[in-house]
Amino acid sequence: MRILVTGGCGFIGSEIVRRGLDAGHDVANIDALTYSANPSNLERVEHSEHYHFSHTNICDAQGVRALIADFKPEAVIHAAAESHVDRSIDGPLEFVTTNVTGTAVMLSEVEAYWRQLPDADRERFRFLHISTDEVFGALGPEGAFTEDTPYAPNSPYSASKASSDMLVRSWFKTYGLPTLISNCSNNYGPYQFPEKLIPVVILNAIRGHDIPVYGRGKNVRDWLHVSDHVGAIFTMLATGRPGETYAVGGGTEVSNIDLVRQICTLLDELKPAKTRYSEQVKFVTDRPGHDFRYAIDASKIEAELGWTPAHDFRSGLRDTVVWYLENLDWCQAAVDKVGQAEKLERLGVRA
Ligand SMILES: NC(=O)c1ccc[n+]([C@@H]2O[C@H](COP(=O)([O-])OP(=O)(O)OC[C@H]3O[C@@H](n4cnc5c(N)ncnc54)[C@H](O)[C@@H]3O)[C@@H](O)[C@H]2O)c1
């Protein structure tokens, strides 16, 4: 297949590009190379004759149109987004521009191209939009999100993703574009920009800084290894029903403080320091609008498409900690790019 990926230099997008090329597909990657992009994530595959890169912003309709006309995709996987909740609190409009307007541009340009394809190609075509479970808002101590959970986003990030989901839905209902949506829980794994919880904990811990935990660390997340999420995406592309959304999760609920303690214990073993890393934990003022709990009921994608996660959290987390310890240069280069101090600064304090 010829697959057009947006945001392919980011955390999840680069896993999609690598996986797509490994599976024998032709992959074109549109990426604006924002602060969270890291082209070195694709070092292993960037010279493949099956890989094409376009430094293009998804809001640039003409640029997107030219790339589509040239590459002639058979499927689009839309991963490009502003993705960090704390940044959305400090600067929400960028989130609306990329996540809402950018998605509308992608839909509009892809639909114009798709419309003129021969019948059989139009039938086979797919537009897969990667979204998040955060669009559903916060859960109490019980229950889990399903595809039928009403949307109730609480941050500018999740509101912009919810808006993009609505646009995707409307392009299916109005124009018949064969769309799919994945609403996925928190991803972890290699190549995640070091401002997200797991790399922040690892980097602050080994540098001897405070390990910041929002509130009392009681917020619960359902963690899924990035390669399992990407496995779900390729499964949806192959066998998902157009117009459907699929909730994707790892069935691994962990409170933030438990996660931080697990990472500290792994670091005690893998990179022992004079004192236990957990002594560096510092509770800080909670994130405004911080959702209490996310959990995913993934029974639809499991039953209909036969997808299940392959990683168990314990070994997946261990491999992830090892990866960051072995790739400190990668982390430093990413942090340097955004001009962050060596100690990762707190974001999202404007509210
Ligand atoms: N990371 C998670 O835990 C998670 C969970 C569920 C869903 N998602 C969704 O998955 C997608 C990818 O997330 P991620 O964590 O890999 O993000 P990321 O921040 O690591 O990567 C985003 C990529 O998109 C690119 N990009 C941003 N704005 C762009 C624009 N206007 N035009 C073109 N490219 C642009 C960036 O340069 C970067 O390469 C997002 O849509 C996010 O909402 C993420």
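Predicted model: local features only at pLDDT ≥ 70, side-chain atom pairs only at ≥ 80, totals over all residues.

Biologist: Which residues line the largest cavity?

Modeller: The lining is made of Val-85, Glu-134, Asn-154, Ser-155, Arg-221, Arg-287, Pro-288, Gly-289, His-290, Asp-291 and Tyr-294. The volume of the largest cavity is about 50 Å³, and the structure has one cavity of 30 Å³ or more.

Biologist: What makes a space a cavity or a pocket?

Modeller: A cavity is space where a 1.4 Å probe fits but cannot get out, while a pocket is open. The second largest pocket, for example, holds about 300 Å³ of space. Among its 18 lining residues, those closest to the centre are Glu-147, Arg-169, Gly-243, Glu-244 and Thr-245.

Biologist: Which elements give two or more residues to the lining of that second largest pocket?

Modeller: They are α6 (156–175) and β6 (179–184). Helix α6 supplies the largest share, six residues. By class, this pocket's lining has six nonpolar, five polar and seven charged residues.

Biologist: Let's turn to single residues. Why is Asn-204 called buried?

Modeller: Buried means under 20% relative accessible area. Asn-204 has 1% relative accessibility, so Asn-204 counts as buried. You will find Asn-204 in helix α7 (residues 197–206). Asn-204 and Val-281 are 77 residues apart in sequence, and their C-alpha atoms are 9.8 Å apart in space.

Biologist: How do you know whether Gly-137 is buried or exposed?

Modeller: We use the same cut-off of under 20%. The relative accessible area of Gly-137 is 0%, so Gly-137 is buried. Gly-137 sits in the loop between β5 (126–132) and α6. From Gly-137 to Lys-274 there are 137 residues along the chain, and the C-alpha atoms are separated by 41 Å.

Biologist: And what makes Glu-142 exposed?

Modeller: Exposed means over 50%. With a relative accessible area of 67%, Glu-142 passes that cut-off and is therefore exposed. Glu-142 is also in the loop between β5 and α6. In sequence, Glu-142 and Arg-293 are 151 residues apart, and in space they are 9.0 Å apart, C-alpha to C-alpha.

Biologist: Why is Pro-309 called partly exposed?

Modeller: Partly exposed covers values between those two limits, 20% and 50%. Pro-309 has a relative accessible area of 25%, so Pro-309 is partly exposed. Its place is the loop between α10 (299–305) and α11. Pro-309 and Tyr-214 are 95 residues apart in sequence, with 28 Å between their C-alpha atoms.

Biologist: What can you tell me about the phi of Leu-33?

Modeller: Phi of Leu-33 is near 55°, which is a positive value in a residue other than glycine. Leu-33 belongs to the loop between β2 (26–31) and β3 (51–55). The relative accessible area of Leu-33 is 30%, between 20% and 50%, so Leu-33 is partly exposed.

Biologist: What is the phi of Lys-72, and where does Lys-72 lie?

Modeller: Lys-72 has a phi near 50°, again a positive value in a residue other than glycine. Lys-72 lies in the loop between α2 (61–71) and β4 (75–78). At 43% relative accessibility, Lys-72 falls between the two limits and therefore counts as partly exposed.

Methods. Residues numbered from 1 in each chain as written. Heavy atoms only, no water. 1 Å grid on protein atoms, 1.4 Å probe; cavity = no way out; pocket = protein on both sides within 12 Å on 5 of 7 lines; lining within 4 Å. Points joined across faces, edges and corners; volume = space filled by probe spheres on them. Helix = DSSP H or I, 4+ residues; strand = E, 2+ residues; numbered from the N terminus. Nonpolar A, V, L, I, M, F, W, Y, C, P; charged D, E, K, R; others polar. Buried < 20%, exposed > 50% of the residue type's maximum accessible area, 1.4 Å probe, protein only.
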